[in-house]
Amino acid sequence: GKAVSAILIHCLIDKQKLNPTRRISDYWPQFGCQWKAPVTVQRALEHHAGISGFNGGRVAKVGEVARPLPLQELCNWNVMVEHLARAKLTESLDGPPKEHGMSYGWLIGGLAERVGGASYPVLLQEHVLEPLGISGCISAMHRPDTPGPRKKDGSLHASSSSESPG
């Protein structure tokens, strides 16, 4: 969820891997296109990144009608993070903050991956869950190349396995 993603970003800020006053595009250059370059980490955390209207829809080419993405793409973490990086602003950066209900997870999680050098579930496990003594993953966000939260030795946590405990 949004709160867990924000906690992860604050952990990365605390470890000085991320500076809240720097632009997201300093860490994630692809995000800086479509007039999003001025957006700072702090503004994103405050739901002021200018992409609250991003709903995952495909941008139409000239003469085409924008169509919703197929469910398979909407459920693919990597595809959606790429779509978000290329997304256009949906409102002015000078206006009031707006809830980034659809875009916040991909935005904050995608940023965390670029700064932390690992997948979102691995970063969540290492920086938030393990230090708090929580086993398993409490967020639904994960990439298709990572089946679930893993221990540092690479093995899956029991709570992410489809098998019931013995």
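Predicted model: local features only at pLDDT ≥ 70, side-chain atom pairs only at ≥ 80, totals over all residues.

Guide: Helix H1 covers residues 2-14 and helix H7 covers residues 120-132; their axes come within 10 Å and cross at roughly 65 degrees. Angles from 65 to 115 degrees count as roughly perpendicular, so H1 is described as roughly perpendicular to H7. As for handedness, the H1 and H7 crossing is left-handed. On the H1 side, the residues in contact are Val-4, Ser-5, Ile-7, Leu-8, Cys-11 and Leu-12, and they meet Tyr-120, Leu-123, Leu-124, His-127 and Val-128 of H7. Sorted by class, that contact has nine nonpolar residues, two polar ones and no charged ones.

Charge does turn up elsewhere in H1, though. Lys-2 makes a salt bridge with Glu-99, at 2.5 Å from N to O. The two are 97 residues apart, with Lys-2 in H1 and Glu-99 in the loop between helix H5 (77-86) and helix H6 (104-116), so this pair links distant parts of the chain. Lys-2 is partly exposed at 35% relative accessible area, and Glu-99 is partly exposed too, at 48%.

Across the whole structure there are three salt bridges. One of them joins Arg-22 to Asp-26, with the closest N and O atoms 3.3 Å apart. Another brings together Arg-114 and Glu-113 at 3.8 Å, N to O. In that pair Arg-114 is partly exposed, at 36% relative accessibility, whereas Glu-113 counts as buried, at 8%.

Methods:
Residues numbered from 1 in each chain as written. Heavy atoms only, no water. Axes fitted to C-alpha atoms, helices over the stretch in contact; angles between N-to-C directions. Helix = DSSP H or I, 4+ residues; strand = E, 2+ residues; numbered from the N terminus. Parallel < 35°, antiparallel > 145°, perpendicular 65-115°, else oblique. Left-handed = near helix turned anticlockwise from the far one by under 90°. Contact = heavy atoms within 4.5 Å. Nonpolar A, V, L, I, M, F, W, Y, C, P; charged D, E, K, R; others polar. Salt bridge = Lys/Arg side-chain N within 4 Å of Asp/Glu carboxyl O. Buried < 20%, exposed > 50% of the residue type's maximum accessible area, 1.4 Å probe, protein only.
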